[in-house]
Protein chains: 2
Amino acid sequence: MNGLPPAGFRCAFVTGAAGFIGSHLVDRLLAGGIRVVGYDDLSTGMPEFLAEARRHPAFTFARSSVLDTRQLAAMMQGCDVVFHFAANADVRFGLRHPRRDLEQNTIATFNVLEAMRANGIADMVFASTGAIYGEAKVIPTPEDAPFPVQTSLYAASKLAGEGLISAYCEGYAMRSWIFRLVAILGERHTHGHVFDFYSQLLADPSRLRVLGNGRQRKSFLYVHDCLSAVFDAMTHAEGSVNIFNLGNDDYCELDTSIGWITAHLGLAPVLDYAGGDRGWIGDNPFVFLDTRRIRSLGWQPKVSIKEGVIRTLDWLAGNHWVLERRSVPDAASPGASVGPMQSI
Amino acid sequence: MNGLPPAGFRCAFVTGAAGFIGSHLVDRLLAGGIRVVGYDDLSTGMPEFLAEARRHPAFTFARSSVLDTRQLAAMMQGCDVVFHFAANADVRFGLRHPRRDLEQNTIATFNVLEAMRANGIADMVFASTGAIYGEAKVIPTPEDAPFPVQTSLYAASKLAGEGLISAYCEGYAMRSWIFRLVAILGERHTHGHVFDFYSQLLADPSRLRVLGNGRQRKSFLYVHDCLSAVFDAMTHAEGSVNIFNLGNDDYCELDTSIGWITAHLGLAPVLDYAGGDRGWIGDNPFVFLDTRRIRSLGWQPKVSIKEGVIRTLDWLAGNHWVLERRSVPDAASPGASVGPMQSI
């Protein structure tokens with residue numbers, strides 16, 4: 001297991017290329033000698049994340065939407081694998097604008113599949129989510145857990161994406177690697193509890209508002225461990241539809257993470273809990289995925305949850321520009337702003 | 001268990017009202033004293049199926065598409081429960097026009113949910129499919145079977161619909177009854193193997209073309225048993241998301257059904273098998289659902305698979321007009337015609 005991009009591909013098409021995970025993916029593909037066409041509408045992606053990639057001769061960037069089917073098919077031409085990482089990743093505010101998950105996640109995935117079919121591209125990698133297990137009855141939750149009931153529009157839209165991809169693989173002889181991710185941490189992290197808490201504490205170091213009761217249990221994975229798993233799975237899993245949970249060895253309580261964060265920043269804020277056993281409607285208070293399937297290929301995470309939290313904090317401390325960018329009120333839902341309360 | 005519509009509803013909105021199952025549903029709701037607004041674009045529904053309903057003073061019909069969001073919301077006004085039975089039910093030809101399942105099933109379901117939200121309607125009944133279990137590993141397959149991998153665009157689109165409905169129930173305090181159906185038989189049956197074999201034998205009684213090897217095992221349910229189960233579940237299951245398999249006590253091999261059909265018609269055609277263990281790409285060669293959950297409410301099917309096949313044949317024999325109507329080549333996919341080979 002070396003975490004290198006799989007052999008045999010010459011040109012990768014990456015949707016969400018300017019996003020948190022997508023931009024790291026682009027960098028690693030380029031470093032591995034693969035040409036990359038990055039595709040992003042920059043609605044939430046950051047052009048700064050592609051600064052290094054854009055200096056690379058094997059990188060092409062298209063600023064366009066996954067809802068623009070014509071542009072999608074045109075830019076995909078000549079690629080031999082598609083990494084579909086574009087998404088509306090805003091889990092918490094789905095109920096404010098239900099159409100967004102349908103369009104940005106479900107219909108977008110359909111558009112990507114159709115563009116692949118039009119270009120004769122057979123291989124697809126999809127960033128799905130552990131949230132599709134809903135309130136899992138089996139924890140740690142394996143890939144073949146009992147058929148879950150969806151609790152969020154985000155997860156429902158990702159499940160719909162998985163279903164489309166699987167049906168395309170069966171019907172059109174395509175191949176896919178579908179990854180059900182826990183929350184991802186690391187450099188370029190732009191949403192989630194570490195981001196939100198850091199933003200709050202920067203504004204007011206004396207007080208931290210916390211959604212739920214702090215006892216929520218979640219698992220987190222460092223972004224480069226995540227990408228190594230993606231590459232390892234592509235190298236070693238050769239079925240038609242290859243589904244993998246990606247998560248860390250363990251989970252932590254939100255309160256524990258708050259302890260790491262405040263200690264690392266040297267702060268002792270008053271904690272102001274919103275109460276209840278979960279962060280928001282549809283949130284799952286206990287997320288812990290069974291990762292035996294990906295581990296059986298030899299992969300294992302190298303960065304602990306605590307270390308992931310601290311690397312994220314250190315990166316945020318050196319990149320305050322990202323906080324300002326993300327705290328701009330959400331144009332599509334006036335009044336909503338990302339930042340004040342944690343969303344993972 | 002009386003199979004009567006649940007008490008407490010005054011006006012039902014029925015999508016797919018002119019369809020096979022939908023039109024029987026309309027008749028039974030009206031007979032139960034419930035006002036009905038039927039909604040159907042008549043793309044596959046038959047106005048003749050609503051002949052009796054249209055003479056009833058408590059019935060209103062709107063010829064419109066589930067993709068027309070404005071009309072959907074307007075016509076739903078004043079209803080207190082929605083039965084969403086409109087769908088592209090063409091399982092076999094999904095690969096010829098992949099956008100159709102996305103639009104007619106997934107996006108349509110989203111539109112229905114949004115129209116309900118706009119009208120403050122909280123209760124929804126959804127006709128899903130046992131096909132979402134893909135190639136089930138557990139047979140008979142229970143509702144909480146291991147998380148399946150989708151094999152058809154039809155099932156993927158229905159799974160997406162289920163996910164949307166569940167997330168809406170969680171997020172907007174709605175309530176749903178979701179039914180995963182086996183193939184349904186009975187009066188007004190307009191597609192499936194009985195329809196297709198009858199059509200073939202009418203054209204040429206000496207020869208019957210059969211998809212697969214005849215050993216496919218499927219379960220079938222009579223339409224009125226299906227609707228009694230729907231009503232019983234609504235009366236007795238009061239969770240937020242109520243999911244039920246609906247199927248018969250047993251299954252039969254396709255060859256067995258061919259035996260019943262040819263014997264009933266007094267024919268002895270040469271059987272011409274296409275070969276392979278399944279009818280088409282994405283077909284599941286063994287469908288048998290575990291129905292203990294709905295049975296625990298006291299429901300049980302009254303009509304056997306054989307009797308369902310024979311009632312269907314007898315109805316077709318008296319309604320040849322329906323064969324002509326359905327054998328018109330599929331406008332949206334030139335060259336495809338429904339009829340010559342069985343599709344369930």
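Visitor: Where in chain B is the place of Glu238(B)?

Guide: In this predicted model, local features need pLDDT of at least 70 and side-chain atom pairs count only at pLDDT 80 or more, while totals for chains, interfaces and linings use all residues. Residues are numbered from 1 along each chain as its sequence is written, and chains are lettered from A and ligands numbered from 1 in the order in which they are written. Helices (H or I, at least four residues) and strands (E, at least two) are DSSP runs, numbered from the N terminus; Glu238(B) sits in the loop between helix H6 (223-236) and strand E11 (241-246) of chain B.

Visitor: Is Glu238(B) buried or exposed?

Guide: A residue is buried if 20 or more other C-beta atoms, placed from the backbone, lie within 10 Å of its own, exposed if 12 or fewer, and partly exposed in between. Glu238(B) has 9 such atoms within 10 Å, so it is exposed.

Visitor: How many residues of chain B are in contact with chain A?

Guide: Counting two residues as in contact if their C-beta atoms, placed from the backbone, lie within 7 Å, 27 residues of chain B contact 27 residues of chain A. H4(B) gives the most to this side of chain B, with 10 residues.
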